[in-house]
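I opened this notebook to record what I looked up in one model.

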Amino acid sequence: MRKRDLAREENLDKFREECGLFGVASSKKDAPQLTFFGLHALQHRGQESAGIVVGNGQELEGKKGMGLVTRVFDQKDLEELDGRMGIGHVRYSTSGANLIANMQPLLIRSLKGSMALAHNGNLTNGHELREELENGGSIFHSTLDMEILAHLLARPGFSDFEKALQESLLRLEGAYALLILRGDTVYGARDPQGFRPLIIGQVDGDYMLASESCAFHTIGGRVVREVEPGEIVKLKSGKFESFRFADPGPEKFCVFEYIYFARPDSSFSLDNVHRVRQKMGKQLAAEYNPEGDLVIPVPDSGNSAAQGFARARNLPFELALIKNKYVGRSFIMPRQDMRETQVKLKLSPIRELIEGKRVILIDDSLVRGTTSRYIVKMVRDAGAREVHLGISSPPVSFSCYYGLDTTRRQELIAARKNTAEIGEHVGVDSLGYLSLEGLQEMFGKNMGYCDACFSGNYPLAGENGN
Ligand code: SF4
């Protein structure tokens, strides 16, 4: 297997975060710094590239680069960028390869003026629209979905930008949250089903937009509300306005934001993410009841659910797998049989807590099972008498087409094996998932969530095999 493929394998062991967005319309010239800190808080949503575009009402300027936010920007960069308005983006490539041309924000200069666009999500009619526009003479420079929107906005006949934006968004189908910086205004919008998050915040009387509320906490801001599905919000220094481009709903917010993607200190409309994960652990404990001596989370993704599980079962909760915080990105191992070393670089067991115990490991999701297998072996090697594994979400049996890393369905272990076979594959004494019914009971069946990767009920037809 080629080195590149090994890296991909490693990446596919979890569904990957999509992208993170941050935008601000400030009354001071601090947009570059605020956007930098906002993106830094959203780093978990994408580590492949980062970019910031700022402006003062006319020309726009920016910087983009491959890697983490702190690697792309230093203090000098932020001092050189000059702007009251800014948008920023961290990316993990979903649609479009991980190419320099696909870094965001996308900066477009045309006779109608300059604008910058950034988005999170995936269009289900992207290919169709791209073909239509190319047939009409448009030339594309990237494979980004948002370049389609840029071309739609640039079509002749539109003199009013906001009308053009409303009409162009009506042509898009799929899951997206987006930011546009144009002139002295930052626009934000969410698709009519609201798959991907976008939240309005406020700091010192100025307004901001971000994928998650944790971005506001970092800079001393507060949450105002979520952008509604089908809504466009318009930020200018010291004020925000809102108008609709489509009727909302039925809402289909991505349930995986609660399960894995979002930071535990973020909140969406249902509740704080950490608390939701704790409740999922509690619900799992009601459905999966192996005999055990202690509960250990798979860090960090299983931490909150394991607390909820341990509390519900009245069992000791131990952080007995220690994460090496300084590993950073995955190393590409030269040989496939060195994958175990990869896991050992990241995690280390506390033998004194584990030896002779019946351990219940808790994780948030199981996509391929490769890493889980090494973790289970690590816990056994540390002397565990039994190892049980609880997953606080249902089996991931279907691919996501709405802006996540589109893992091929045959790569999902639950699409090929039943629970007993998966348990055997990862080497546990027992394996238990939260049931789909349990998940739907928690979130409310038909109450505004997408759970297609568990249920196969895709809310949108299109480029998803429906
Ligand atoms: S398919 Fe899964 S990951 Fe994708 S939007 Fe729906 S719930 Fe989220």
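I began at L178, which stands opposite A189 in β8. I noted that the model is predicted: local features need pLDDT of at least 70, side-chain atom pairs count only at pLDDT 80 or more, and totals for chains, interfaces and linings use all residues. Residues are numbered from 1 along each chain as its sequence is written.

**Entry: the sheet.** I traced β7 (residues 174-182) and β8 (residues 185-190), which run antiparallel and are joined by six bridges. I took two strands as paired if DSSP finds at least two bridges between them. Helices (H or I, at least four residues) and strands (E, at least two) are DSSP runs, numbered from the N terminus. I then found an open sheet of six strands with antiparallel pairing, in the order β5-β6-β7-β8-β12-β13. Its edge strands, each pairing on one side only, are β5 (106-110) and β13 (239-244). On average, neighbouring strands of this sheet are turned by 20 degrees against each other, direction ignored. Across β5, β6 (113-123) and β7 lies helix α6 (residues 145-154), running at about 135 degrees to β6. Axes are lines fitted to C-alpha atoms, for helices over the stretch in contact, and angles run from 0 to 180 degrees between N-to-C directions. Contact requires C-beta atoms, placed from the backbone, within 7 Å.

**Entry: G51.** I located G51 in strand β2 (residues 49-55). G51 is buried because 25 other C-beta atoms lie within 10 Å. The cut-offs are 20 or more such atoms within 10 Å for buried, 12 or fewer for exposed, and partly exposed in between, with C-beta atoms placed from the backbone. Leaving aside neighbours within four places in sequence, G51 has contacts that include M103, Q104 and P105.

**Entry: cis peptides.** I checked the bond joining Q104 and P105 and found it cis, with omega about 0 degrees. P105 lies in the loop between β4 (85-91) and β5. The peptide bond from P299 to D300 is also cis, with omega near -10 degrees.

Entry: Most residues other than glycine have a negative phi, and most peptide bonds are trans. D204 sits in the loop between β9 (199-203) and β10 (206-210), and counts as partly exposed because it has 13 C-beta neighbours inside 10 Å. N314 has a positive phi of about 55 degrees and is exposed, with 7 other C-beta atoms within 10 Å.

Methods:
Two residues are in contact if their C-beta atoms, placed from the backbone, lie within 7 Å.
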